[in-house]
Amino acid sequence: MNSEKKFYITTPLYYVNDKPHIGHAYTTILADVINRFFKLFGYKTYFLTGTDEHGQKVQQASAKSNKDPKKYCDELSVVFKNLWEKLNIEYDYFIRTTDDDHVKVVQNSLMKLYENGDIYPADYDGWYCIPCERFWTEKDLIDGKCPDCNREVQKISEKNYFFKMSKYQNWLIDHIKNTPDFVVPEFRKNEVLGFLRQPLNDLCISRPKSRLSWGIPLPFDENYVCYVWFDALLNYITGAGYLFNNEKFNLTWPADYHLIGKDILTTHAVYWPIMLKALDVEPPRHILAHGWWLIDNDKMSKSKGNVVKPLELIDKYGVDAFRYFLMREMSLGHDANFSEESMIDRINSDLANDLGNLLNRINKMVFNYLDGLIKKPASLEEIDKNLLSFSLNLLNKIPNLLEELKLNIIIEESLTVVRSINKYLEQTAPWKLAKEKNQTERINQILYTASVSILKSAVFLYPIMPEKIKILLNSFGISNINSVKDSFTFIDNLEKINLSKIDALFPRIDKKEIFYENKQEKVQEEDDNLISIEDVAKLDLKVAKIIKAEKIKKSDKLLKLQVEVGNKTKQIVAGIGKYYNPDELIGKTIVIVNNLKPAKLMGEISEGMLLAAKEKKGNLSLLTVDKNVKSGSKIS
Ligand code: MSP
């Protein structure tokens, strides 16, 4: 840990028009937990998060909803703020890239780089991916498509401004090599070094206003706005007071941790340090790239319909259980798997069984045997001392783990103490002693030992579950928690512990009930997708008879059919060529959508659509009618 006792941590700025999901929630909770830990260890901390608001996607989305882009962003950034409030995120500053001071920092930085000759104009020929807002060279493309998102790219030829990244490539390689923990974990560092083995292209940092107006204007050419990543990355210094508050900036910068997902490693570990170097600003201390949350071992995506929404989980299981699960389950740097079932298992085993039960047991026994009051014993037995020194030892273990940000191990260490207390109670069995005479003093010693130990492990669970741990501490008469050191001293110096009665901290979750409820919700959701009878009536389904069928040249999928619909003949182009020979189709009575707008397929007009059943793999079968029915008959 650095000796200045200051700590500055950031999350990425989330795209304002994204719907917050478990990935956003994870990075932000992670930052919050780390920040709270450092605070607990006496650091003066600063935690920055916010929203990324410029660029094509926002421009397009705001236009689609007929809103002024700024107003649109005002509404959407609140969605993130509200979620962070619900998740108990204690950030110090929420930055928006549309904030005035940020716009000034971006323009000022651009001007400085331009004047220094680090930004220069050039004609550019390249391939542009609109969704990614990025240029690619011919050789970057994969099958002629964007290598990142696999979508179509456009050939663009125009004047643009470029940032001389190539000039700083060797500096960056040296910096990464000389600062082994600049990019963590190590395998991500190696990934960056691998990337830097190829010569770096200069970065195109402008977009012509004619194509994109929603951005920060270049101070030296009003026909252009700034590339959204160049703008967004600078937030980390704007938020620290760069340019506007030197005193704050000197106290805050460099950032100790930029937390990012592995998807945005290059922008953070290559572009950003080079931008800072060119601006003559110190690089951040660490860039930490975490892995991805997979959903039932699959990538999360809107199209798969498996996006996990944090609010739903908070409502169901409570904010602290959600925070706990995310922190416990992901080992930093690697991907982790989310499933509601594993979350319930975790809550039940660690929180309901181990921690919650222990708390209840102690609480009940103190009321049953000691009238709610524990006194500091004058002496202790060996077994008590062993447990106390085991819990005290957390103080030696945790700082090292924190330095490596091994939060899942910190949790495990604290829970190991909790489990040892449970075991200790089994061994000392105060409930048995309570049946004997004159054992109150021994019972007091045991419950004192157990209480002090649970309190110490709770201190280290506080950053993860602030609400529940506060309740736990309150039940022992402790109202607030500052630094670890003060808390441990306070706990050790307690002459009396006055307990108040407590309800179950984490009630056990009945899996059956939850999944049954889920099913009900599913039915409800599906109900929302049902269509009305009027929607059905719009479809003109008719019986048709195939009178002619032939292949379409250059296509092995498409067949051109002439079908008789009553006294009319229609042409339908259908993608059934892989499943039927034209000859076998003649004379078949099929079902078609008769009122479909005509369209051209491979140059052939298609005036309807036939219906067919398709199995997931292979087999396709045309829908026919059961009895002999005249063509043109209506299907209702
Ligand atoms: N706006 C840029 C970042 C600019 S920072 C100067 C951006 N935004 S984003 O909305 O796409 O958020 C990206 C971050 O969300 C990831 O880096 C990661 O922190 C988090 N996650 C998004 N999906 C994720 C998972 N499935 N799992 C874990 N976190 C991921 O990129």
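**Around helix α20**

Reply: The cover over the buried residues of α20 includes α1, α14, α15 and α18, where cover is counted by contact, meaning heavy atoms within 4.5 Å. The model is a predicted one, so local features need pLDDT of at least 70 and side-chain atom pairs count only at pLDDT 80 or more, while totals for chains, interfaces and linings use all residues. Residues are numbered from 1 along each chain as its sequence is written, and side-chain values use heavy atoms, with hydrogens and water left out. Helices (H or I, at least four residues) and strands (E, at least two) are DSSP runs numbered from the N terminus.

In α20 itself, the buried residues are Val484, Ser487, Phe488 and Ile491, buried being under 20% relative accessible area, exposed over 50% and partly exposed in between, with a 1.4 Å probe and protein chains only. These four lie on the same side of α20, because they cover an arc of only 95° around the axis, the arc being that of the directions from the helix axis to the C-beta atoms.

One of the covering helices, α14 (residues 382-392), has Asp384, Leu387, Leu388 and Ser391 buried. Their arc around the axis is only 100°, which means that they sit on the same side of α14. Among the elements covering them are α15 (394-403), α16, α18 (440-461) and α20 (484-493).

Within α16 (residues 407-428) lies Thr428, which counts as buried because its relative accessibility is 12%. Leaving aside residues up to four places away in sequence, Thr428 touches Ile383, Leu433, Arg442 and Ile446. The side chain of Thr428 also reaches the backbone oxygen of Tyr424 at 2.7 Å; such a polar contact is a pair of N or O atoms within 3.5 Å, and within protein one must be able to donate a hydrogen and the other to accept it, with residues adjacent in sequence counting only if both atoms are side-chain atoms.

Turning to the ligand, one of its oxygen atoms is 2.7 Å from an N or O atom in the side chain of Thr27. Taken alone, the ligand exposes 660 Å², of which the protein buries 96%, by the Shrake-Rupley method with a 1.4 Å probe. The elements giving two or more residues to the shell around the ligand include α1 (22-40), and α1 is also among the elements covering the buried residues of α20.
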